[in-house]
Amino acid sequence: MSADPPFKSEFLRTMQARGYIHQITHPVELDEAATGGVLTAYIGFDATAPSLHVGHLIQIMMLRRLQQAGHRPIVVMGGGTTKVGDPTDKDTQRPLLSEAQIQANIDSIKSTFSRFLTFGDGPTDAIMVDNAEWLDQLGYVQFLRDYGVHFTVNRMLSFESVKLRLEREQPLTFLEFNYMLMQATDFLELERRYGCVLQMGGSDQWGNILNGVELIRRVDSRPSFGLTTPLLSTASGQKMGKTVGGAVWLNADMRSPYDYWQFWRNTEDADVGRFLRLFTDLPLDEIAGLEALQGAEINEAKKVLANAAATLLHGAGAAATAAEAARVAFEQGGLSDDLPTYEFPRADLDAGVMLAALIVDAGLAASRSEARRLAQGWGLRVNDKQEADAGRLITAADIVDGVVKLAAGKKKIVLVKPV
């Protein structure tokens, strides 16, 4: 059911004021639990890649808000569930990863959380656990006898993640079908080990979260709760975190601090206030002032957003360096070592490469037709000079100070470096 204001607890008041709440299973009970002492909550993260991306950031920020309100967050790494794959919002089964690949991904992901959460042994310090610790120990027949009896196939078939796959006539393997049972078991195990009473996640996880809440209430007869956030998309309807260059990764070795800063700087005008509330710690009254800016002044609010978001993930030094690199590149037309670079074969550049193709290769446009449209609208620049012909050849003669500086629109720059 939806939450009805007002809340008494600092945690839920903050969550509501900043726009995190979509659904809560038992809002009054949860509010009372959050005012009665330290509340323990968790979110799970499957290790399907070496880095999380911006689409995961709202979940990390929820754990941050929880800890800021004096409660204890648990980060659950999905060493066990990743072996199965969550079918939610997927038309096809994810490729199965080896145990070594999963562990390598977990090792690569872990450090991101320390930027946002304080880990330790204190009552509100975050902890990180791996669900392989208990899921790998479950004998399948015993698992079905202990937990399978609490789930009906009828109910499982009613969840959106399952219905959509079946309606689209896409195969749903029995392996994936078990995922929701495993996630419910996670919640039960965390409740027994750590007194965890709340699972949080995106609204696409509502069905999986309900399973865990109901399992705890049936098996252990203890209070348990679920809370979900709205699924995020930009004002234009684009999925949050998707760009021409692919996913906006959180690991610096997969997306540079400059590119991360620039991603937030490129936020659509209509999203600035919402993203400031969700992804920064700025006070709400300050955000209201920034959100009210009009015309060209909204760009200053975007810079504040970019600085605050980049500082949280990469630190104040990296954020300041990225901001200065952008200022030099866009306001002064200069070069900076911190601008993104794209290495390109020197031999191909000597032979000449079509500008439209190079623009696509460098990640500044999704297609050559888009590059041509940018050129026709005077949106392409080569070495800070407008270029209306997307078909012209870029050669070694265009190299200035060891690079070719390409720009698409007012916000995207890449230095093409011959190698």
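**Entry 1: two helices**

I began with helix α1 (residues 10–17) and helix α3 (residues 54–68), which pack at an angle of about 140° with their axes 9 Å apart. For my own record, axes are lines fitted to C-alpha atoms, for helices over the stretch in contact, and angles run from 0 to 180 degrees between N-to-C directions. On the α1 side the contact is made by Glu-10, Phe-11, Thr-14 and Met-15, and on the α3 side by Met-62, Arg-65, Leu-66 and Gln-68. Contact here means heavy atoms within 4.5 Å. Helices (H or I, at least four residues) and strands (E, at least two) are DSSP runs, numbered from the N terminus.

A note on what I am looking at: this is a predicted model, where local features need pLDDT of at least 70 and side-chain atom pairs count only at pLDDT 80 or more, while totals for chains, interfaces and linings use all residues. Residues are numbered from 1 along each chain as its sequence is written, and side-chain values use heavy atoms, with hydrogens and water left out.

**Entry 2: the whole chain**

I looked up the totals next. The protein chain has 19 helices and 15 strands. Of its 419 residues, 48% are buried; the cut-offs are under 20% relative accessible area for buried, over 50% for exposed, and partly exposed in between (1.4 Å probe, protein chains only). The accessible surface comes to about 18,600 Å², and 51% of that belongs to carbon and sulfur atoms. Such areas come from the Shrake-Rupley method with a 1.4 Å probe, and for residues only the protein chains shown count as cover. Among contacts with a separation of 6 or more, 73% are between residues 24 or more positions apart.

**Entry 3: salt bridges**

How many salt bridges does the structure hold? I found 16, where a salt bridge is a side-chain nitrogen of Lys or Arg within 4 Å of a carboxyl oxygen of Asp or Glu.

Asp-281 counts as partly exposed because its relative accessibility is 33%, whereas Arg-64, at 14%, counts as buried. I also noted that Arg-64, Arg-65 and Asp-281 are linked in a network of salt bridges.

Next came Arg-218 and Glu-214, whose closest N and O atoms are 3.7 Å apart. Both lie in helix α11, four residues apart, about one turn of the helix. An α-helix has 3.6 residues a turn, so residues three or four places apart point the same way. Arg-218 is partly exposed at 45% relative accessibility, and Glu-214 is partly exposed at 22%.

A further salt bridge joins the side chains of Asp-398 and Arg-392 (3.0 Å, N to O). Asp-398 is buried at 12% relative accessibility, while Arg-392 is partly exposed at 22%.

**Entry 4: helix α13**

I then checked helix α13 (residues 272–279), which is mostly covered, with six of its eight residues buried. Those buried are Val-272, Gly-273, Phe-275, Leu-276, Leu-278 and Phe-279. They pack against α3, α12 (257–265), α14 (284–291) and α15 (298–314).

Is Thr-229 buried or exposed? At 0% relative accessibility it counts as buried. Thr-229 lies in strand β6 (residues 225–229). Not counting residues up to four places away in sequence, Thr-229 touches Tyr-20, His-22, Ile-58, Gln-59, Met-62, Gly-201, Gly-202 and Ser-203.

Met-128, in strand β4 (residues 127–130), is partly exposed at 26% relative accessibility. Leaving aside neighbours within four places in sequence, Met-128 is in contact with Val-75, Met-77, Lys-110, Phe-113 and Phe-119.

**Entry 5: a positive phi**

Last, I looked up Ser-221, in the loop between α11 (206–219) and β6. Phi of Ser-221 is near 50°, a positive value in a residue other than glycine. Most residues other than glycine have a negative phi. At 60% relative accessibility, Ser-221 counts as exposed.
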